[in-house]
Amino acid sequence: MSYDGTGVRCTMLRGGTSRGLYLEARDLPAGTAERDDLLLRLMGTPDPRQIDGLGGATTLTSKVAVVSPSEAPDVDVDYLFLQLGVDEATVSERQNCGNILAGVGPFAVERGLVPAGDPETSVRIRMVNSDSVAVATFPTPEGRVEYRGDVEIAGVPGTAAPVVLAFTDTEGSATGSLLPTGHVRDTIEGVEATCVDNGMPVVLALAGSFGLTGYESHEELAADTALLQRVDAFRRKAAELMGMGDVSSASVPKTALLAPARDGGQVCTRSFIPVQPHSSIGVLGAVSVVTGMLLPDAVGHELTTDWPRDTSQVDVEHPTGHLLVDVVVDSSVAPPRVLRSGVVRTARKLFEGTAFPR
């Protein structure tokens, strides 16, 4: 079935600082190849402008959530995240997306997959990409999803209702281990690095190791071709050490460069997804960054000296603002264990209807 004439039922939501298409698995072809072909045609990929589809010409707006009732015990829905290319016809399921995750709970309630509570609803979501569970809690007064609210997140204009995401079992989401190289610190391409995977495989390095201050703008980083080539070589070598193989066409691992905070936060970051600079920082990427920094001897651990000890919340600075994450790690055991991680996001439904592939 081509879906050319009938289209496919689709919802577009902004989740966190990303935007994506949310679809039920039952509305898509059963075969992976047929499914991916349909999604690429819906998004308008490959085309750097995605002018003939629903994509927004960036990786942050070329995302898909496939949602279905879950057969796993104590789980409400399954969520498969798919990252689509923009100018290349690629569909990757090798990583999670914590931003798009923010819209999964509201979508599940809107579609009747999960009954709404009053005044709020909690939805247990199995993130299929990593086989881990997140709990999304959001307001549903009188049994209806409320998107309006007073929570502001960096990178999104205005305010919206909070979506509180609590993660469990995210250690080794893509690699099988919190420290996939087996070490807290490695030397990669001549750079001291920490490879960590707590929901997203990330390679941490100090910005100074790349000749940067860590405060460069997104535009400055994007224009530095030599830097981007070096970042790509760095993360490819890191991926080999992490047991991820050839990642030349994959969007993971991410690279995060660290510098001392300078805008009231606790650490300043510049991240790459995977080669182009991120205009902010991914949710699970930030969780992995903070997780790594909390480990003694890890790259960036020295920046945690003045962090308050009476709270587990960490304010992460990025090019367009701040992201507040909550992480607790037990580093007294070997290997270290993540006891808790979470974040506050927002989401908003943009449209519900029938989408037609090109």
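## A walk through the chain

What you're looking at is a predicted model, where local features need pLDDT of at least 70, side-chain atom pairs count only at pLDDT 80 or more, and totals for chains, interfaces and linings use all residues. Residues are numbered from 1 along each chain as its sequence is written, and side-chain values use heavy atoms, with hydrogens and water left out.

Now for the overall build. The chain contains six helices and 16 strands; helices (H or I, at least four residues) and strands (E, at least two) are DSSP runs, numbered from the N terminus. Its radius of gyration is 19 Å, close to the 21 Å that the globule rule gives for 358 residues, so the chain is as compact as a globular protein of that length. That radius is taken over C-alpha atoms, and the rule is 2.2 Å times the number of residues to the power 0.38. Along its principal axes, the C-alpha trace spans about 55 × 45 × 35 Å. Of the 358 residues, 56% count as buried, meaning under 20% relative accessible area, while exposed means over 50% and partly exposed lies in between (1.4 Å probe, protein chains only).

Next, a few spots in the backbone. As a rule, most residues other than glycine have a negative phi, and most peptide bonds are trans. The peptide bond from V252 to P253 is cis, with omega near 0°, and P253 sits in the loop between α5 (225–241) and β12 (254–259). Another cis bond joins I273 and P274, with omega about -10°; look for P274 in the loop between β13 (267–272) and α6 (283–293).

Then there's phi. D131 isn't a glycine, yet it has a positive phi of about 55°. You'll find D131 in the loop between β6 (120–127) and β7, and it is exposed, at 53% relative accessible area. E142, also not a glycine, has a positive phi of about 55°. E142 belongs to the loop between β7 and β8 and counts as exposed too, at 72% relative accessibility.
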